[in-house]
Amino acid sequence: MKKSTMNVIILALVLINLVLTVILTFSLVSTNNKTNSLITKVAKIIDLDVGGISVDKESAGATSIDDIEYMDVTNNDSSDITISYTDSGKTHYAIVSVTLGINKKAKNYETKKTSINNGMKLIVNQVTTECLKYSYSTITQNKSAVETNLLNDLRDLFQTDIIESVLVSVVVQ
């Protein structure tokens with residue numbers, strides 16, 4: 001009788017263990033599927049290749065390099081913009097050259113290109129204003145910040161997203 005009771009208790013515990021294992025497995029599988037779905041969505045947003053899923057560049061909003069036209073910013077028929085800094089009574093100069101990358105495939109390309117050509121003085125002013133935010137000694141170290149800020153400022157100024165990139169070259173004298 002003792003042996004039979006003990007077998008029944010062991011069998012009941014095995015069945016309880018089996019039921020709990022099944023419940024745990026199904027809850028983990030559904031959570032894992034949700035996590036994988038979230039990671040895939042985030043990866044598509046930041047343009048990564050996860051688990052063999054390749055992201056289409058055009059659906060991600062990227063522009064091909066063949067579709068970008070580069071336009072030099074001119075200041076009185078020169079591509080150099082001279083910015084002067086005064087440091088300890090001495091005058092130092094930074095010569096800045098700026099090139100805009102414009103999307104040729106954009107809907108409003110022609111009208112915005114004309115606006116950009118006509119607004120070169122405004123662009124030179126934006127470049128000067130942005131470069132003067134940095135000191136003479138740190139302007140070359142903050143080139144990427146200058147490019148990012150100019151891109152955002154010029155997009156706001158011309159109210160368009162056809163400006164894909166701003167390339168800045170700084171020579172300090």
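Which residues form a nonpolar patch on the surface, and how much accessible area do they have together? The patch consists of Met-6, Ile-9, Ile-10, Leu-13, Val-14, Ile-16, Val-19, Leu-20 and Ile-23, with about 870 Å² of accessible area together. Accessible areas here come from the Shrake-Rupley method with a 1.4 Å probe, and for residues only the protein chains shown count as cover. Patches take residues with over 30% relative accessible area and no salt bridge; like charges are joined within 9 Å, and nonpolar side chains (Val, Leu, Ile, Met, Phe, Trp, Tyr) within 5 Å.

Before going on, a note on the model. This is a predicted model, in which local features need pLDDT of at least 70 and side-chain atom pairs count only at pLDDT 80 or more, while totals for chains, interfaces and linings use all residues. Residues are numbered from 1 along each chain as its sequence is written, and side-chain values use heavy atoms, with hydrogens and water left out.

Helices (H or I, at least four residues) and strands (E, at least two) are DSSP runs, numbered from the N terminus. Val-14 has 48% relative accessibility and counts as partly exposed. Buried means under 20% relative accessible area, exposed over 50%, and partly exposed in between, with a 1.4 Å probe and protein chains only.

Now the inside. The largest nonpolar core has 31 residues, and Val-96, Val-98, Leu-100, Ile-116, Ile-123 and Val-166 touch the most other members. Two or more residues each come from β2 (80-87), β3 (90-103), α2 (109-118), α3 (120-131), α4 (143-158) and β4 (163-172). Such a core is a set of buried Ala, Val, Leu, Ile, Met, Phe, Trp, Tyr and Cys residues joined through side-chain atoms within 4.5 Å. Leaving aside residues up to four places away in sequence, Ile-116 touches Met-71, Leu-100, Ile-102, Ile-123, Phe-158 and Ile-163. Contact means heavy atoms within 4.5 Å.

Thr-99 is in strand β3 and is buried, at 18% relative accessibility. Its side chain makes a polar contact of 2.9 Å with that of Asp-72. For a polar contact, a pair of N or O atoms lies within 3.5 Å; within protein, one must be able to donate a hydrogen and the other to accept it, and residues adjacent in sequence count only if both atoms are side-chain atoms.

How many salt bridges does a search of the whole structure find? It finds 3, each being a side-chain nitrogen of Lys or Arg within 4 Å of a carboxyl oxygen of Asp or Glu. Lys-113 pairs with Glu-69, with the closest N and O atoms 3.2 Å apart. Lys-113 is in helix α2 and Glu-69 in strand β1, so this pair ties together parts that are 44 residues apart in sequence. Lys-133 pairs with Glu-130 at 3.1 Å; Lys-133 is exposed at 55%, whereas Glu-130 is buried at 1%. Glu-147 and Lys-143 meet at 3.6 Å, N to O. These two are 4 residues apart in helix α4, so about one helical turn separates them.

Last, the backbone. Most residues other than glycine have a negative phi. Asn-76 has a positive phi of about 55°, and Asp-77 one of about 65°. Asn-76 is in the loop between β1 (68-72) and β2, and Asp-77 is in the loop between β1 and β2. Asn-76 is exposed at 60% relative accessible area, and Asp-77 is exposed at 81%.
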